[in-house]
Amino acid sequence: MIFKKALTPAFATISSILMMTSGATAVTLRVTVDNLGPENGAFTTPVWFGVHDGGFDLFDEGAAASQPLERIAEDGTIEPLNNAFTGTAQGTVFGPNVPPVIGPGETGTSTFSLDSQPAESLYFSYAAMILPSNDAFIANDNPFQFQLFDDAGNFTGADFVVPGALVWDAGTEVNDELAETTAFFDQAVPDTGTPENGTIQLHPGFDPNGRILSSDQFANADFTAPDYNVARIRVEQVPEFGTEAVMLFGLVPLVGFWRRRLQKQTA
């Protein structure tokens, strides 16, 4: 009976921690972007992504690009898109992935915590610029395309490939591929290309005789080629067992402390 009473504080602490960990609503997610392009293929800028309630529509085919989408399609700038997201959707904006640009065969990864509230965390959206280009980009035009949690709050994740056939043209800048107007070449400042005043359409591809495909570095960047894949994007839940195990095993010395204290008291 004395031993049981002596160990009560330790077990009370264990119980408290178990209650805190089991009742936690935060989940840790990892977004991984693999550039699937061939050697001397196209790069992408760091990928912008957000988790939301379905109320954020990045774009519609055939419509004019918004100013935030124009900035990411022409320059890879994400701040205007962050502002637009937080102003129109219930959810959380994350990203970008690192490294600064993702070349063929390279990977960018971001890990973040998210409150598992199904109403605000159901859907995943992403966007990134294709490099080099005037205004080519990848993104999902359907805000409900990628659902991360089911209606009961269970994580389902996402794992998909973005083919070259789904590279978009923002229609905001003429595809002249000039060094001074093409990002990743000699463009010195953002928003320096010739305005096109067009609409968002599937990209026709780079000029076969233009500067991009004529360069050695991007000789294989024709994303309209058969079987060309731009990227694979995965959204996975990071296992939480490690955290709970560390917390529990960290309590083993505490139980030992109470055991030794009891032995001294009864000696």
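Reply: Let's start with a term: buried means under 20% relative accessible area, exposed means over 50%, and partly exposed lies in between, using a 1.4 Å probe and protein chains only. This is a predicted model, in which local features need pLDDT of at least 70 and side-chain atom pairs count only at pLDDT 80 or more, while totals for chains, interfaces and linings use all residues. Residues are numbered from 1 along each chain as its sequence is written, and side-chain values use heavy atoms, leaving out hydrogens and water.

Me: Which residues of β7 are buried on each side?

Reply: In a regular strand the side chains alternate between the two faces of the sheet. Here Ala 136 and Ile 138 are buried on one side of β7, and Phe 137 and Ala 139 are buried on the other. Strands are DSSP runs of E with at least two residues, and helices are runs of H or I with at least four, numbered from the N terminus.

Me: How many bridges join β7 to β9?

Reply: Two strands pair if DSSP finds at least two bridges between them. β7 and β9 run antiparallel with 2 bridges, and Ala 136 stands opposite Asp 169 in β9. β6 and β7 are also antiparallel, joined by 3 bridges, and they form a hairpin with 4 residues between them.

Me: Why does Thr 172 count as buried?

Reply: Because its relative accessibility is 13%. Thr 172 sits in the loop between β9 (168-169) and β10 (201-202). Contact means heavy atoms within 4.5 Å; beyond neighbours within four places in sequence, the contacts of Thr 172 include Ala 65, Asp 135 and Pro 195.
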